Amino acid sequence: MAGRAQIPNKSSALISMIADEDTVTGFLLAGVGNVDLRRKTNYLIVDSKTTVKAIEDAFKEFTTKEDIAIVLISQYVANMIRFLVDSYNKPVPAILEIPSKDHPYDPTHDSVLSRVKYLFSAESVASGRR
């Protein structure tokens, strides 16, 4: 059990977001937002002025914080940092790509869906050997 990732069981596990303003605002209205004592938020609003470096930094910060259980990221934003999203392999926090209002969802670019397809294809190949 020492090598397994532990899901925070405190009531302080957060959901973080990297998305456009409308998506983040909707989730903030639902109560997802948090500001800690250092005035750091658990979200990043991405607009035309946001640099790829800022998105990378937010992704790295959110995936290394102990109190975050899920990182929601708009798929078009994830495409900007696809190398980071695809190379992330820890179970917690979970990375979930979501659609946005202006950018349709493309299942062929979803890292989680592609991993699931790979696992099922590998499983079907292994079961065929019996």
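Is aspartate 57 buried, partly exposed or exposed? Let's work towards that as we walk through this predicted model.

1. **The answer.** Aspartate 57 counts as partly exposed, because its relative accessibility is 35% and that class runs between the buried limit of 20% and the exposed limit of 50%. Its salt-bridge partner is lysine 53, with N and O 3.0 Å apart. Lysine 53 is exposed, since its relative accessible area is 52%, and exposed means over 50%.

2. **Where that pair sits.** Both lysine 53 and aspartate 57 belong to helix H2, which covers residues 52-64. They are four residues apart, about one turn of the helix.

3. **The length of H2.** Helix H2 has 13 residues, so at 1.5 Å a residue it should span 18 Å. The C-alpha atoms at its ends are 18 Å apart, which agrees with that expectation.

4. Which residues of H2 are buried? They are Ile55, Glu56, Ala58, Phe59, Phe62 and Thr63. Looking down the axis of H2, you would see these buried residues within an arc of 165 degrees, so they line one face of the helix. On the other side of H2, Lys53 and Thr64 are exposed.

5. **What the buried residues of H2 touch.** They pack against several elements, among them strand E1 (14-19), strand E2 (43-45) and strand E3 (68-74). Helix H3 (75-80), H4 and E4 are also packing partners of these buried residues.

6. Arginine 82 and glutamate 97 form a salt bridge, with their closest N and O atoms 2.8 Å apart. Arginine 82 is in helix H4 (residues 82-87) and glutamate 97 is in strand E4 (residues 94-98), so this pair ties together parts that are 15 residues apart in sequence. Arginine 82 is buried, with a relative accessible area of 16%, and glutamate 97 is buried too, at 8%. The pair also belongs to a salt-bridge network that links Arg82, Asp86 and Glu97.

7. **Another pair to look at.** Aspartate 36 and arginine 38 meet through their side chains in a salt bridge, at 3.5 Å from N to O. How exposed is arginine 38? Its relative accessible area is 64%, so arginine 38 is exposed, whereas aspartate 36 is partly exposed at 21%.

8. **The overall tally.** The count for this model comes to six salt bridges. The lysine 53 and aspartate 57 pair from the opening is one of these salt bridges.

Notes. Residues numbered from 1 in each chain as written. Predicted model: local features only at pLDDT ≥ 70, side-chain atom pairs only at ≥ 80, totals over all residues. Heavy atoms only, no water. Salt bridge = Lys/Arg side-chain N within 4 Å of Asp/Glu carboxyl O. Buried < 20%, exposed > 50% of the residue type's maximum accessible area, 1.4 Å probe, protein only. Helix = DSSP H or I, 4+ residues; strand = E, 2+ residues; numbered from the N terminus. Expected span 1.5 Å × (residues − 1). Arc of directions from axis to C-beta. Contact = heavy atoms within 4.5 Å.
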